[in-house]
Number of protein chains: 4
Amino acid sequence: MTTKTERTARAHSSADIEPAARGRKRDHSRDADILDAALDVLAEVGAAGITMDLVAERAGAGKATIYRRWTSKAELVIDAVAHIERMQVDIEHLPDTGTLRGDLLALFRPEAMEASTRRLKIMSALASLLSADQALAEAGSAVIVKPWADAHFALMQRAVTRGEVSARADITTLSQVVPSMAAYRTLVQRKPFTLEFLLSMIDGVIMPALRICGARQPKKSDRSQT
Amino acid sequence: MTTKTERTARAHSSADIEPAARGRKRDHSRDADILDAALDVLAEVGAAGITMDLVAERAGAGKATIYRRWTSKAELVIDAVAHIERMQVDIEHLPDTGTLRGDLLALFRPEAMEASTRRLKIMSALASLLSADQALAEAGSAVIVKPWADAHFALMQRAVTRGEVSARADITTLSQVVPSMAAYRTLVQRKPFTLEFLLSMIDGVIMPALRICGARQPKKSDRSQT
Amino acid sequence: MTTKTERTARAHSSADIEPAARGRKRDHSRDADILDAALDVLAEVGAAGITMDLVAERAGAGKATIYRRWTSKAELVIDAVAHIERMQVDIEHLPDTGTLRGDLLALFRPEAMEASTRRLKIMSALASLLSADQALAEAGSAVIVKPWADAHFALMQRAVTRGEVSARADITTLSQVVPSMAAYRTLVQRKPFTLEFLLSMIDGVIMPALRICGARQPKKSDRSQT
Amino acid sequence: MTTKTERTARAHSSADIEPAARGRKRDHSRDADILDAALDVLAEVGAAGITMDLVAERAGAGKATIYRRWTSKAELVIDAVAHIERMQVDIEHLPDTGTLRGDLLALFRPEAMEASTRRLKIMSALASLLSADQALAEAGSAVIVKPWADAHFALMQRAVTRGEVSARADITTLSQVVPSMAAYRTLVQRKPFTLEFLLSMIDGVIMPALRICGARQPKKSDRSQT
DNA sequence: GCCTAACCGAGACGGTACGTCCGGTCTTTTT
DNA sequence: AAAAAGACCGGACGTACCGTCTCGGTTAGGC
């Protein structure tokens, strides 16, 4: 997800020469201000209550300035969520605990993932806006799920390389299971994403499917939440 | 999800006696007309475009008539979607092909599930409304996912009973994987739910996790039934 | 100036039969509330400051309700002004002092005409809105000038009848002089309409033009204001 | 009405010395371009539609350049109208036909006054802007009415001098009648200022009020000069 | 068979957010 | 330093839609 002008620029062939760009430059430092304001508002009034006027007021911006950069409220909110999502999975510095199970659990950072009201409210706002059109839906869910699925894939790939997992395992599909289920739980069901849920997914689905026998057997306590 | 009066009635203690219901009786044959109209409108204008006025006009009903039966647009849409969902999984007559894999595939009915624009539009409308409040989110996703997850659980239970699957498998968790992933794919990502997707889930995730070695890679013959 | 539906109704031939008017009836008692609110707002914030939101809030009405009755802010304001103008000249009960000069002066009611801030603000608002389109301009100025010019014409006609004024006088033109000049002074120049101004018009223009020799000669004091 | 700097300069005491004006000199040839552009736009989109952006674009100027010369849209429009009005009455070269009636008619130049759409649109724009504040209203109507009233006064004075008109006539008031009525007709009523209107004013009001018995009823020959 | 309460379709109502437009200011690059 | 271009803030515009209420009319019971 990107701003309007970035997308326009990309539509030009690389040989295009920008026509000297007269007039006052768009102040791209306002982008971050506006996105931050959007997240603040989202966290305060929730998905249903967010308003362009509120965002504009909070950002100290005019509505026209916002609409110059994003074509609709939906685009703005998706970009805003992408803005915080970016910080969550760092594909460059994946954990390395020696076992896949340890790696997958290490990816889970309770301080970021656990149900803070702010986070839940922000995420659930997405679902209500993604249905606006097909393109938004794809952009939005890519932003949410893709980086995490990539991380899972990388960890599984490494496990295959070191022989922990059979090369015949369908890690392409398996790497999407936890991120998708987590997104569904958070966006649609609006339940918190907890360690218990993660453990039941890893030990009940992922590890068995990869035929890694080190997986603990699920205990009652792990399943106490439906 | 039920109509307003049913829910209201249930809230009363069982000793409550309805006060003899004077006046004209509510015509419950209009319920179905209104739900059908809602689905039509959803399919035509999409989730973002649906309007109570449009539904009322399409149903040839007044808005008051609709609000007498459902308290909000969200409730109406959830009920409308439940209205078609109900036809999809028949918990009373589950397939019995002899193998779990066969059973799970038999549950998939291409004519109902495969990507029709109408179906996609209808489903994606849900996501946009569920975020309105917590109660709706639970009600809505229960309607979508629960019956299907129950069916999966029943089939897996049977496979355990007949010894096809280890009793140690976490079928509670596993029975939710396909329904949830399918819902996420349809509601949020707005991609069609296809046989390919189902096969990659069953053969890449479910069957391996259940340690059933009979899982095959998808072949042409699997798709001949489409 | 009339409401939207009245005008529409009038466009029908008299043989038209209204199609039974289904649905809730428009509550025409709200018309007066809204017009009063408009006048209040006009008097408080002035012509430049009037806002549909302010009027709606003051009237306790929704904006849609206002726009259902008047197509634009201009129409509303003109109607509002007409609403008070109507009270100013009562064509049925014209004064009868015995002389035309006395009658013309008697038409002037200081308590209504003299420059109250409220009145000036309200009147000057008209000018700023009349330029919106030709039809409004005619409607607006008709509302302001017509009733007054009609009264002048009737008084002059009576003076002709009783022989006070020559039948050859162009009373059609003369009857428009004072109302038009007064409107110009009030609307465009935004000066108060005073007794001094009226006297200089009657004694410097109207009475001489009618060749009535009873007119006082203008004195310096009458002309002290330019 | 004058430009900002002229007005500013005049506010200084006459001993003020301009501070040597460093840098590029303001190009005053742009003034006329901008005023012409304003008139063009007025004529094309009407009073309600005029926009500073439109004027700037039409003039090939930046908005800042305009605001450097006029403090507001109202001032610009008034100046623009004055720009054409200036050409209409030349107080230095008043007509001299030998009779007051002839002089007054000679002041009327059909090619400038008669109803062109352009002229009407331009004039009516004034009314919408004059109500902005008291100072503008005076400035605006002075520009429109003053020069014309002065010319009438001069012609009437001459008629008094040559004995055509009684010295007792209130020529101060009478000299304002036609200009004011014409302005009202053009600005507020938006009707064309025609020869017929002028003749009815002169022969129905002015000449009778001046007790000049030579006033004729309009004949064909009066219009042959059109 | 008549009364009356609750239903029905239609649509006006109060309120709120939308996305657009414009006035007047400020910034960037060019002349 | 002034010019053209155009982004910026603030705020009003007129539209659309939600959920409620009112209208005239219809459809059941209960009398």
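**Protein and DNA**

Author: Start with D:Tyr67: an N or O atom in its side chain is 2.9 Å from a phosphate oxygen of DNA strand E. Keep in mind that the model is predicted.

Reader: Which backbone atom lies 2.8 Å from a phosphate oxygen of DNA strand E?
Author: A backbone N or O atom of A:Met52. For C:Gly62, a backbone N or O atom lies 3.1 Å from a phosphate oxygen of DNA strand E.

Reader: How many residues surround DNA strand E?
Author: 48. The closest are A:Tyr67, B:Arg68, B:Arg69, C:Thr65 and C:Arg69.

Reader: How do they divide into nonpolar, polar and charged?
Author: Eleven are nonpolar, twelve are polar and 25 are charged.

Reader: Which helices supply at least two residues each?
Author: In chain A, helix H3 (52-59) and helix H4 (63-69) do. Helix H4 (63-69) does in chain B, in chain C and in chain D.

Reader: What about the DNA atoms within 4 Å of the protein: what share belongs to sugar or phosphate?
Author: 68% for DNA strand E, and the rest belong to bases.

Reader: New topic. At what angle do H11 of chain A and H11 of chain B pack?
Author: About 110 degrees, with their axes 7 Å apart. Each helix covers residues 195-209. The angle makes H11(A) roughly perpendicular to H11(B).

Reader: Which residues make the contact?
Author: From H11(A), A:Gly204, A:Val205, A:Pro208 and A:Ala209. From H11(B), B:Gly204, B:Val205, B:Pro208 and B:Ala209.

Reader: And by class?
Author: Six nonpolar, two polar and no charged residues for H11(A) with H11(B).

Notes. Residues are numbered from 1 along each chain as its sequence is written. Chains are lettered from A and ligands numbered from 1 in the order in which they are written. This is a predicted model: local features need pLDDT of at least 70, side-chain atom pairs count only at pLDDT 80 or more; totals for chains, interfaces and linings use all residues. Side-chain values use heavy atoms; hydrogens and water are left out. Axes are lines fitted to C-alpha atoms, for helices over the stretch in contact, and angles run from 0 to 180 degrees between N-to-C directions. Helices (H or I, at least four residues) and strands (E, at least two) are DSSP runs, numbered from the N terminus. Angles under 35 degrees count as roughly parallel, over 145 as roughly antiparallel, 65 to 115 as roughly perpendicular and the rest as oblique. Contact means heavy atoms within 4.5 Å. Ala, Val, Leu, Ile, Met, Phe, Trp, Tyr, Cys and Pro count as nonpolar, Asp, Glu, Lys and Arg as charged, and the others, Gly among them, as polar. A residue is near a molecule or strand if one of its heavy atoms lies within 4 Å of it. A polar contact is a pair of N or O atoms within 3.5 Å; within protein, one must be able to donate a hydrogen and the other to accept it, and residues adjacent in sequence count only if both atoms are side-chain atoms.
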